Amino acid sequence: MEIAKMEGTKKVQERFLWKLCRMQYFGMCVGAGTAGSAIGYLLKEYNAPEGVMFFVAYLAAITGIFAVVGRLHDLDLRGWLAVFMFIPFVNIVFGLFLLFTKGVTTSLEK
């Protein structure tokens, strides 16, 4: 009975884990950065309020955090390790680690 309950819990956990392969991670990071920069530039050119520019930067940052957490899940690591992205210079090494390390979930790697 306990084993069946644990297997059911594991299936529910796996269903809610969002996993990104290397190319999806790269595309999401580049897309969020490019879109955020382009929209920010246009807002600055048209003298948009700072609150609007902050909101765009916030959305780009949240998208990047989701990408990092998804990539960590693909590597079978905990999502809270995304806090390393907030440490200067460590974030560069950590980002390269996420980009070049092959994921555990081989069904996503094509």
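At what angle do H2 and H3 pack, and how far apart are their axes? They pack at about 175°, with the axes 9 Å apart. Axes here are lines fitted to C-alpha atoms over the stretch in contact, and angles run from 0 to 180 degrees between N-to-C directions. Over 145 degrees counts as roughly antiparallel, so that's what H2 and H3 are to each other.

Before going on: this is a predicted model, where local features need pLDDT of at least 70 and side-chain atom pairs count only at pLDDT 80 or more, while totals for chains, interfaces and linings use all residues. Residues are numbered from 1 along each chain as its sequence is written, and side-chain values use heavy atoms, with hydrogens and water left out.

Back to our two helices. Their contact (heavy atoms within 4.5 Å) includes Tyr25 and Cys29 of H2, and Val68 of H3. It divides into 13 nonpolar, three polar and three charged residues.

Those three residues turn up again in the largest pocket: Tyr25, Cys29, Gly64, Val68 and Met85 lie nearest its centre, among 15 lining residues. H2 (22-45), H3 (50-74) and H4 (90-100) each supply at least two lining residues. Twelve of the lining residues are nonpolar, three are polar and none is charged.

Last, the rings. Three aromatic pairs come out of the count, where ring centres must lie within 6.5 Å. Phe54 and Tyr58 have centres 6.4 Å apart and planes at 25°, so they're stacked, the word for planes under 30 degrees apart. Both sit in H3, four residues apart, about one turn of the helix.

Conventions. On a 1 Å grid over the protein atoms alone, a cavity is a set of points where a 1.4 Å probe fits but cannot get out, and a pocket is an open set with protein on both sides within 12 Å along at least five of seven lines; lining residues have an atom within 4 Å of a point. Ala, Val, Leu, Ile, Met, Phe, Trp, Tyr, Cys and Pro count as nonpolar, Asp, Glu, Lys and Arg as charged, and the others, Gly among them, as polar. Angles under 35 degrees count as roughly parallel, over 145 as roughly antiparallel, 65 to 115 as roughly perpendicular and the rest as oblique. Rings of Phe, Tyr and Trp (its six-membered ring) pair if their centres lie within 6.5 Å; planes under 30 degrees apart count as stacked, over 60 as edge-to-face and the rest as tilted.
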